[in-house]
Amino acid sequence: MDVVRVSALRERLAGTGWLEAVGGFAGSLRHAVGRRGADGLLLVGTEAYEPWHLAAHLADEAAWSDVPRLAPTLLRHRVPAEAPAHLAHGLRRLAEAGRGATVLVVAPTAAGEGLLERVQDARRGGATVLALDGAAGRTDLAGLAHERLAVGTAEEEPFDLAQHLVSVAAGEPPARRSALGRLAGLAARLTAGPTVSRW
């Protein structure tokens, strides 16, 4: 994503309420991982979609914004035997998620019954559940999440863009920048030199 596309996007989104919705959702994420007693961020996708991009962006934001708990643990439906330690966490971790944990579910399409059951167990255990999904209407995931941001489409570009915006906004302290300012920050970061990432 380049500066021209981000600027065009900023103009298109101004006044739509979308930037405010992203800012509110990202603020909830930042609050959940930063509250007293917070016990880490668990990031999980669907069986068909692993949110690698968001994991990498959140890890970068955690470093840049000095909010270490924003760096997620990526949970995977299938963990290859040769996976490195930081990518070897399966869905079993959801069963261990209790009070203080934050679970962020990223689902461009239906989450699936197995994942929904595990997320429900985590919520019963006291975890805060947030959902970023591609469904416009009410879904089973919406009924489980404490807060949900519905992108309204599972198409790759807008769904990927929503993840960029959420990660950037989550890295910013409340009231430090306007929602439009966050987009300018996103443009600067995306066009800066390459970042070193473990993802």
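## Salt bridges, strand pairing and overall fold

Arginine 93 is partly exposed, with a relative accessible area of 28%, where buried means under 20% relative accessible area, exposed over 50%, and partly exposed in between, with a 1.4 Å probe and protein chains only. The model is a predicted one, in which local features need pLDDT of at least 70 and side-chain atom pairs count only at pLDDT 80 or more, whereas totals for chains, interfaces and linings use all residues. Residues are numbered from 1 along each chain as its sequence is written, and side-chain values use heavy atoms, with hydrogens and water left out.

Arginine 93 forms a salt bridge with glutamate 96, a salt bridge being a side-chain nitrogen of Lys or Arg within 4 Å of a carboxyl oxygen of Asp or Glu. Side chains of opposite charge can pair when their charged atoms come close. Because arginine 93 and glutamate 96 lie three residues apart in helix α4 (residues 92–96), they are separated by about one helical turn; helices (H or I, at least four residues) and strands (E, at least two) are DSSP runs, numbered from the N terminus. Glutamate 96 counts as exposed, at 55% relative accessibility.

Helix α5 (residues 113–124) holds another such pair, aspartate 121 and arginine 124, which are three residues apart and thus separated by about one helical turn. Here aspartate 121 is partly exposed, with a relative accessible area of 42%, while arginine 124 is exposed at 61% relative accessibility.

| Salt bridge | N to O distance |
|---|---|
| Arginine 76 and glutamate 50 | 3.0 Å |
| Arginine 93 and glutamate 96 | 3.8 Å |
| Aspartate 121 and arginine 124 | 3.5 Å |

The salt bridge between arginine 76 and glutamate 50 links distant parts of the chain, with arginine 76 in strand β2 and glutamate 50 in the loop between β1 and α3, 26 residues apart. Arginine 76 is buried, with a relative accessible area of 9%, and glutamate 50 is partly exposed at 23%.

Strand β2 (residues 72–76) is mostly covered, since four of its five residues are buried. Strand β1 (residues 41–44) pairs with β2 in the parallel sense over four bridges, two strands being counted as paired if DSSP finds at least two bridges between them. The chain crosses from β1 through helix α3 (residues 52–65) to β2 in a right-handed β-α-β crossover, meaning that, with the strands pointing away from the viewer, the path from the first strand over the helix to the second runs clockwise. Strand β2 also pairs in the parallel sense with strand β3 (residues 89–90), over two bridges. Leucine 75 of β2 is the bridge partner of valine 44, and histidine 89 in β3 is the bridge partner of leucine 75.

Aspartate 66, in the loop between α3 and β2, has a positive phi of about 60° although it is not a glycine. Aspartate 66 is exposed, with a relative accessible area of 66%.

Across the protein chain there are eight helices and six strands, running from the N terminus as α-α-β-α-β-β-α-β-α-β-α-β-α-α. Buried residues make up 46% of the 199 residues. Among contacts (heavy atoms within 4.5 Å) between residues at least 6 apart in sequence, 68% join residues at least 24 apart. The chain exposes about 9700 Å², of which carbon and sulfur atoms supply 50%; accessible areas come from the Shrake-Rupley method with a 1.4 Å probe, and for residues only the protein chains shown count as cover.
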